[in-house]
Amino acid sequence: LYPGDGDTPSTLLRNADSAMYHAKARGRNTYAFFTREMNRRVSRRLQVEEQMHGALAKGEFRLAYQPQIDMRGNVIFGFEALLRWNNPVLGAVSPEEFVPIAEHTGLIVPLGRFVITEAVAVLARLKQRIRGDLCMAINLSPSQFRDPGLVAFVSSALRRAGIAGEALELEITEGVLMDGHGYVDKALGEFTGVGIRLVMDDFGTGYSSLSYLRSYPFDVIKIDRSFVHDIIIDEEDRELVSAAISMAHGLNMKVVAEGVETREQLELLARMGCDCAQGNLFSEAVSEDGAARLLEAREKD
């Protein structure tokens, strides 16, 4: 509003745009007034978006790998590939900040293809160094499913690396399924057709997770870290996690608890019958060499 939010037409229009985008981010049928903090966030977003263009070609993105533990034998059965970005201007940028921007700009498609190619290649190299089975989990975003070449690209990456579909897990959130588009159903069916396992990520944080478990061929549910964090002191979280584990087992699904940070959390999850765990209690996300060292230690044990 003039004159508090600007004294020229261009400034007022720019700030009105900021308020409009902020209102859209909050959902439909709402409005927002411009604030200086809003302007700061928009400026930061534009800066991140500017630096993201060309960052992949410059080698600024890399993958880190966090081990997933089979709680029955306390052994590593796989890794989750996590995307990291270190920019010379911005420094380390968190995925929580850059992934939504990549989604909005369409850059998530080439970024996603980089993750798929690199993670599958690393899995092939790691499997050569151990005797047992090993799998890799990769996150897929809603925008990636709009890529008509997604399934073919994943299948090609597996063939080039000599990896069976059963060694790959694709983690998807409720956001992928909410629109109910036919191309999502088709892609999921094709993935399961070649043996790729589907993981319901961030389970318990959405509104319709139960109905999606009934409607789609998930093999694993991943209990969100927000429920695991207070599981020792919060009775409601304990009950929710216990119920989720029982329900998943009733549907012949495995359960992974993410964000496990203490021995007490691990022991409680084990008593509840949780199958697998992931978190800094075991290891933070590491480089390919770090993952190889973790596996070598497993082999010695």
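**Pocket, cavity and a helix crossing**

The largest pocket is lined by 36 residues, and Glu80, Leu82, Pro95, Val99 and Asn139 lie nearest its centre. A pocket is an open set of points on a 1 Å grid over the protein atoms alone, with protein on both sides within 12 Å along at least five of seven lines; lining residues have an atom within 4 Å of a point. This is a predicted model, where local features need pLDDT of at least 70, side-chain atom pairs count only at pLDDT 80 or more, and totals for chains, interfaces and linings use all residues. Residues are numbered from 1 along each chain as its sequence is written, and side-chain values use heavy atoms, with hydrogens and water left out.

The largest pocket holds about 940 Å³ of space. Its lining has 14 nonpolar, ten polar and twelve charged residues.

Now the cavity. A cavity is a set of grid points where a 1.4 Å probe fits but cannot get out. The structure holds one of 30 Å³ or more. About 40 Å³ lies in the largest cavity, a volume being the space filled by probe spheres set on the points. Helix 4 (residues 108-127) gives the most to this lining, with four residues.

Helix 4 also packs against helix 12 (residues 288-300), at about 35° with axes 10 Å apart. Axes are lines fitted to C-alpha atoms over the stretch in contact, and angles run from 0 to 180 degrees between N-to-C directions. Val122, Arg125 and Leu126 of helix 4 meet Glu288, Ala291, Ala292 and Leu295 of helix 12, contact meaning heavy atoms within 4.5 Å. Helices here are DSSP runs (H or I, at least four residues), as are strands (E, at least two), numbered from the N terminus.

Key: Ala, Val, Leu, Ile, Met, Phe, Trp, Tyr, Cys and Pro count as nonpolar, Asp, Glu, Lys and Arg as charged, and the others, Gly among them, as polar.
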